[in-house]
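My entries are set down below in the order of reading.

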Amino acid sequence: MAEKSHLSFFISLIATLLLGPGLSPVRAKVPALIVFGDSSVDTGNNNGIQTVLKSNFEPYGQDFEGGRPTGRFSNGRVTPDFLSEYCGLKKTLPAYLDPSYKIADFATGVVFASAGTGYDNTTASVLNVIPFWKQIQYYMEYRDRLRKYLGDQKAKETVSEAVYIISIGTNDFLENYYVLPTTRLQYGTVQQFEDHLVGVAKKFIENIYSLGARKISLGGLPPMGCLPLERTINFLAVSECNEEYNNVAVEFNGKLKGLVDQLNKEMPGIRVVFSNPYYIMMQMIKRPSLYGEFNSCFCH
Ligand SMILES: *[C@@H]1O[C@H](CO)[C@@H](O)[C@H](O)[C@H]1NC(C)=O
């Protein structure tokens, strides 16, 4: 059931990336999915680094094939896995740092994401996970390996035709801005901090664009005030969602959407979509029965 709702949400995203606004009715083939971000899209990179933020133990993975924890922060697969399957590629996307995979596996999709990371450099340092900028370095290494594996021409095609997925930002607020006085001192109001993060997002997209990326999905924030931890420690209204955090998510998402519109105007040949998980997740939280039976939802 959870699988179905995931899918219908992302079909519109993929359709936009593949068809463009009102263009060819033929679905272009996606050669690979390339994923950057945090726990929302990490498929196991934190297994390979020195951090306490891991999910390689039960009950994670209880609904995964074989019922095993993989390093996904989920009872089963995560969104990029579903997208990959929808594109006719693998059912699960490999984590770049998983030594059991080779470039042959990564050629049709790879995940550089790391749970706990954020746009801001300080966010990754809180739990010693892979910084966002470092994910680009891994991506550059990947491109070199891809060139050796596929040859120049084919690798170039793969890089420019691939769909790039970016999903990150929650930890910048919940593990960083609202926890560390030093960050608040450095950036000021939460709006100023949001603007700083949007600046990092812009640079990141310009960076991968200059490396060949053209089809990009920039993910927004979920209703982060409804994460189980935030509800548990909500002193104003015990076990309710934290309204302030949710308002910040909506505000920040508005800025990301503005960035996406700007990039589409300014950068030739780019096609960026803003993928907003906020409202559909809010509906799942408020009316879970619409989506069938969840036995564990919104893990983090
Ligand atoms: C984050 O750190 C990297 C590596 O040290 C650096 O290149 C980058 O400029 C930093 N980003 C910001 C926004 O300070």
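The entries that follow cover a loop residue and then the salt bridges.

I note that this is a predicted model, in which local features need pLDDT of at least 70, side-chain atom pairs count only at pLDDT 80 or more, and totals for chains, interfaces and linings use all residues. Residues are numbered from 1 along each chain as its sequence is written, and side-chain values use heavy atoms, with hydrogens and water left out.

Entry: the loop residue. I located L97 in the loop between helix 2 (79–86) and helix 3 (103–106); helices (H or I, at least four residues) and strands (E, at least two) are DSSP runs numbered from the N terminus. Leaving aside neighbours within four places in sequence, I found L97 in contact with N45, I49, I130 and Y138, where contact means heavy atoms within 4.5 Å.

Entry: salt bridges. I recorded 8 salt bridges in the structure, each a side-chain nitrogen of Lys or Arg within 4 Å of a carboxyl oxygen of Asp or Glu. D81 pairs with R72, with the closest N and O atoms 2.8 Å apart. Both D81 and R72 are buried (under 20% relative accessible area; exposed is over 50%, partly exposed in between; 1.4 Å probe, protein chains only).

Entry: a second pair. I found E161 and K215 joined by a salt bridge at 3.3 Å, N to O. This pair links distant parts of the chain, with E161 in helix 6 and K215 in strand 4, 54 residues apart. E161 is partly exposed at 34%, whereas K215 is buried at 8%.
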